[in-house]
Number of protein chains: 2
Amino acid sequence: MALIVQKYGGTSVGDTERIKNVAKKIIESKKKGNQVAVVVSAMSGDTDRLIGLAHKITDLPNEREMDVLMSSGERVSIALVAIAIRSMGEKAVSFTGRQVGMLTDKVHTKARIEKINAGRIRAALDSGHIAIVAGFQGITEEGDVTTLGRGGSDTSAVAIAAALNADVCEIYTDVDGVYTADPRIVPGARRLDKISHEEMLEMASLGAKVLQIRSVEFAMKYNVPLYVLSSFAEGGGTLVTMEDETMEQVLVTGVTLARDDAKVSIRRVPDRPGIAASIFKPLADASIVVDMIIQNVSKDGFTDITFTVNKADCKKALKIMEPIVKSIGAAELNTDENISKVSIIGAGMRNHAGVASKMFESLSKDGINIQMISTSEIKISCIVESKYGELAVRILHDAFALDKINR
Amino acid sequence: MALIVQKYGGTSVGDTERIKNVAKKIIESKKKGNQVAVVVSAMSGDTDRLIGLAHKITDLPNEREMDVLMSSGERVSIALVAIAIRSMGEKAVSFTGRQVGMLTDKVHTKARIEKINAGRIRAALDSGHIAIVAGFQGITEEGDVTTLGRGGSDTSAVAIAAALNADVCEIYTDVDGVYTADPRIVPGARRLDKISHEEMLEMASLGAKVLQIRSVEFAMKYNVPLYVLSSFAEGGGTLVTMEDETMEQVLVTGVTLARDDAKVSIRRVPDRPGIAASIFKPLADASIVVDMIIQNVSKDGFTDITFTVNKADCKKALKIMEPIVKSIGAAELNTDENISKVSIIGAGMRNHAGVASKMFESLSKDGINIQMISTSEIKISCIVESKYGELAVRILHDAFALDKINR
């Protein structure tokens, strides 16, 4: 008997027919003799519908209230999944974030899990129930509702798997695994049978929507075996696991495209010590993640600073930057949302030179201008104009022969 | 400075424009120097949409899970109202049923409030916030989610008003008060300036959808002044208050129509002691409210028993009755959902005879057959075939000259 945590995403529970199918899959797993805890996202479209309602009222809705609003979506889906399972004769009980003691910090709309009290889930499992847990939502020590950010249900699932010391965490989604690129952009993209935590982490950070970053961090930290599987098809799947030697034989494992960055530029910043801190500390204080930063060589005591933030944070960042730009005596504040980030990822990069130059060459050959670059041990990212994003992915997938990858 | 509890129903918060209007009304009240706590229902249509989803999965969804499902609706509306108020520059904070300690019994889908911990609302009010509270929902001692039944937000509002010792509880709805009859059925229906708790209680029990019964009971018990007002128009309104002498001068105050009853008949029930208990106790145990009961005169040791339950409980009642009918050796179990209940209500009936006979005569004159009758001190109800329901209301409104009522 194994203890399995399954997670079903929004499209997997997108309507009542799909919910019934999910219920059948869950019951099958239980009938094989397993204890099954299930984490469910909101029905697809539901979260966007709720955000849309708030934005019809104001551009900058209060974040505490946004969390109350958005957390309603998973209540609907956990209740419906539990209702479906019970209607098929199995015992099931739903739990909200509060009811499983999913304690988080107080950063509304992107809270981090601090502690889980798995006692109530374990008691339900031990009494023969299937536990259906609301993903994405938590609660602060004061009892306020929080949410974990887009894709937060993945993190809920891995965190619950860790807390329960589960044998495996299965992430069911609308694709049957992790691909070398988004198959909608690159028809010849290949599914990977396995991928290292680090690679997956970079892929998730860089636009592959298949898993939330935090969930991979959790899986790595607590060594939770993580499977990405399709909720619509049998078989397939990608195992996210520890890096092994065979993995390094492949230079590049994947190409990703992220459309959710925005560029913020500040021109003629007086170049004196502490100036960067005065710009970036207020952003950090507001929990705005800054991704790439470029500072030009100083000229006449002035420099230009450009950085990228998530598009969703762009308005908030502007509001914070406006008084600062004034107070430090900089000249100009601009934003550009018309950018995409294309990245190549691979554990093999660690020990091979020449990957970066091959990337830049391939892009320039087709006239694609690179606006910003950032690199880490196992990835290289370039910011390009939005309209070139998909073309860039196809060019790089070709250049590194990912259609012939063997992993 | 007064402490006002306002309640806005589903149509009042039916879309984001209406939510903004409600926010303005609330702020106006605050700016007059009042402390304002607001109870909000789910956006109109939302609860029905959720129930519809559950019923697409199964006819008899688990009630614990139904409460989790339905309680999501008010989370959406409280968050949106709070967001709207904050976007207009006032301080507001939303509270779920759990967060205000709305403790109920464990009867899912129609729980009763046992206790409210108003401390968190009071603290919010005292710090200058408008408190936005989710109606309709509560929580058991074990932390399970409950709901208070249709219209439960009215009860939430009155209960909170009582707990806060509020000066007044204003129920904003889509009509501007309590009418002698539903104006959609009787165009000449008149608005009442005031109505006694008892009359309101009967009206609410008998089909007037303007207030939930429990809310009137609460208002009576804790002597909370209750106003029914329109959220769309200024002025008007009906005060629900203690009975005074002038009220008894009117024989009949209102005519109501209820379409939510179903008739259950059991034929050839062996007429022996305890037989009624064996039928009705299991229904009571399942929290099914039985309204009218008729038992025919016994013949050959057998009798027929007919009773009415809420249509929503009909399937559940049937399921409970089937084995019982078998075990007691009765002949036949039938249900009829094709009925309506038409009632006349008036505090003046207490001291006047002849009201009942006038009602029966008026109906029979137009060929309407009465299937069941039930009376109390201040009301008379008749079950008629559904298709005659609206006609019966118009006939009785005419017969008792309610278009000329003066109260």
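Two strands are taken as paired if DSSP finds at least two bridges between them. Strands (E, at least two residues) and helices (H or I, at least four) are DSSP runs, numbered from the N terminus. The model is predicted: local features need pLDDT of at least 70 and side-chain atom pairs count only at pLDDT 80 or more, while totals for chains, interfaces and linings use all residues. Residues are numbered from 1 along each chain as its sequence is written, and chains are lettered from A and ligands numbered from 1 in the order in which they are written.

**View 1. An open four-stranded sheet of chain B.** The strand order is S17-S18-S16-S19 (chain B), with antiparallel pairing. Strands S17 (290-295) and S19 (332-336) of chain B are at the edges with a single partner strand each, so one side of each has no neighbour in the sheet. On average, neighbouring strands are turned by 15° against each other, direction ignored; axes are lines fitted to C-alpha atoms, for helices over the stretch in contact, and angles run from 0 to 180 degrees between N-to-C directions.

**View 2. Strands S16 and S18 of chain B with helix H10.** S16(B) (residues 261-270) and S18(B) (residues 302-310) run antiparallel and are joined by eight bridges. Val264(B) has Phe307(B), in S18(B), as its bridge partner. Helix H10 (residues 311-328) of chain B packs on the sheet and touches S16, S18 and S19 of chain B; the direction of H10 makes about 5° with that of S16(B). Contact means that C-beta atoms, placed from the backbone, lie within 7 Å.

**View 3. Surroundings of Ile132(A).** Ile132(A) lies in strand S6 (residues 130-134) of chain A. This residue counts as buried because 31 C-beta neighbours lie inside 10 Å; the class requires 20 or more other C-beta atoms within 10 Å. Residues touched by Ile132(A), not counting those up to four places away in sequence, include Val38(A), Ile78(A), Val81(A) and Phe95(A).

**View 4. Contact between chains A and B.** Chain B and chain A contribute 29 residues each. On the side of chain B that touches chain A, helices H1 (16-31), H2 (46-57), H3 (63-70) and H4 (72-87) of chain B each supply at least two residues. H4(B) gives the most, with eleven residues.

Terms used: Two residues are in contact if their C-beta atoms, placed from the backbone, lie within 7 Å. A residue is buried if 20 or more other C-beta atoms lie within 10 Å of its own, exposed if 12 or fewer, and partly exposed in between; C-beta atoms are placed from the backbone.
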